[in-house]
Every structure is written in C-alpha cells, then in structure tokens.
Amino acid sequence: MSITISPIAHIISEFPQKFGIPRQPLLAPDVLAKIVFEPEYRNPDCIRGLECSTHIWLIWEFTGFSGKQWQPLVRPPRLGGNRKMGVFATRSPLRPNGLGLSAVRVKSIYQDPELGPVIEIYGADMLDGTPIYDIKPYVPYTDSISDASTTLFSEPEKLSAIRWQCDTSAIDSRQLRALEEILYQDPRPAYKKDGAETYAFEFSNLHIEFQVIENEAIVTNLQKKVQMRK
C-alpha cells in the first residue's frame, strides 16, 4: 500500500545550502526560520489554538539529496563517520521515504496580508525551501520521556571555543549567537577533521570561513553577501 502526501507549507530558513545546518533541531536555538503555508492551507482556522504551545513538531522532507539512494547501512557523522549502522537506527537523511522530524520552539504566530498565517520558529535544522508535510503541537507530558536513553548518542560533540579573527560589527547579536551555536557543533564532515583546512558556509546573508585548530573554531572571514536588485 502507498499513500500520496503533499506539502502543507515550506520553510524560509537562514540556510541556503546543506553545509552548516545543525545536525539536530534546537542545537542552535537562536537560528530563526519561518513557516509559510501553501495557499490552500492559509485559512487561520487551521492553526487556531496553536498559540497555546511553546513548541511544535514538524514532519518534513530532506531536500538537496537528488540522485542519492538510501542504503541499509550508513555511517553516522556523530560516530566519526567510520562506524556502520542500520539506517533505521540513525537519523540519516538518506532514508527510504526521506522524511525528517524536528521539535522546534515557536517565537510568534502572525497574520501576513499576502502569505496568511506565518509561524516564526527557533532552532530549525532545515534547508531554505524545505517542504513541510505536517505540524503537531509538542505535548510535554507525553512527548518528554524522562527515562529515555541511548548508549550511542549521549551528548552532542562540541568544540571548546570560538575565536573571531574578523570584524563582527556588521551583524546583529542574534546572528552572532546563532553562528557561534552552529560553529560549536563543528559542521565539518566527520571524515575530514585532520589538518587546518579552511571551510566556508552561507548563513542568512552572510559568508563565513573558518578553521578548526586544537578543538577551537577560528573564524577568519565574515562578509555580507551582495544583494541583487530586483
């Protein structure tokens, strides 16, 4: 049996490319995104009562993996990229149905004159334009399991420090916090963590370059991208 599902909304996020996106939701809680509904779901009644929830669940699609097929065994970056595990024992994006699940924090819900209801969220781990297939309220008494555990993924690995070797005055305090949250999680590929190679990623309207030396991220370049006039 198969079913057909269609997006109800899409994400406007600060990540125009995959590199740099946090590997799990809420690891970078100052990352800001918006949920914009597709035209047929812009009736405000669809989200009536959602303002009572501080967090929501999003069911979405991993995009940006065209041409890549799922495999029974994957190499989770969290385990160094060297250990193989079953795809259903991981959160690999290369899955049979390519669906992701994220809990995010609601910042605000407002009515846009052109887009209808818009949900602003913090902590989204999604590429800009990601399709959203469902939204559900996070219910603490049933969704938070106090005795849950896993022996493989206990705590997120973090770098020890961030050092800025460039001017940061052109960005606001939230963007600066968000960038540090992203960098502390070490966005480098798990299999390329030797040497002092320079890495670059895009965030919002920014271009960032950094190196990691002795577990410290050193940001060597931060520039605002030139916006094209329409």
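1. Buried here means under 20% relative accessible area, exposed means over 50%, and partly exposed lies in between, using a 1.4 Å probe and protein chains only. Please keep in mind that this is a predicted model, in which local features need pLDDT of at least 70, side-chain atom pairs count only at pLDDT 80 or more, and totals for chains, interfaces and linings use all residues. Residues are numbered from 1 along each chain as its sequence is written, and side-chain values use heavy atoms, with hydrogens and water left out.

2. R188 counts as buried because its relative accessible area is 6%. Its side chain makes a polar contact of 2.8 Å with that of D186. Such a contact is a pair of N or O atoms within 3.5 Å; within protein, one must be able to donate a hydrogen and the other to accept it, and residues adjacent in sequence count only if both atoms are side-chain atoms.

3. Helix α2 also holds R177, which is partly exposed at 39% relative accessibility. R177 and A28 are 149 residues apart in sequence, yet their C-alpha atoms are 8.5 Å apart in space.

4. Now to the nonpolar cores, meaning sets of buried Ala, Val, Leu, Ile, Met, Phe, Trp, Tyr and Cys residues joined through side-chain atoms within 4.5 Å. The largest has 23 residues, and L179, F201, F203 and I208 have the most contacts inside it. At least two residues of this core come from each of α2, β10, β11 (206-213) and β12 (216-224). A second, separate core of 19 residues includes F37, I56, V106 and M126. In soluble globular proteins, nonpolar side chains tend to be buried together.

5. Which residues does I208 touch, leaving aside its neighbours within four places in sequence? With contact meaning heavy atoms within 4.5 Å, the partners of I208 are L179, Y199, A200, F201, F203, V219, N221 and L222.

6. Finally, have a look at Q69, in the loop between β3 (55-61) and β4 (73-74). Q69 counts as exposed because its relative accessibility is 58%. Q69 and L94 are 25 residues apart in sequence and 6.6 Å apart in space, C-alpha to C-alpha.

Definitions and conventions:
Helices (H or I, at least four residues) and strands (E, at least two) are DSSP runs, numbered from the N terminus.
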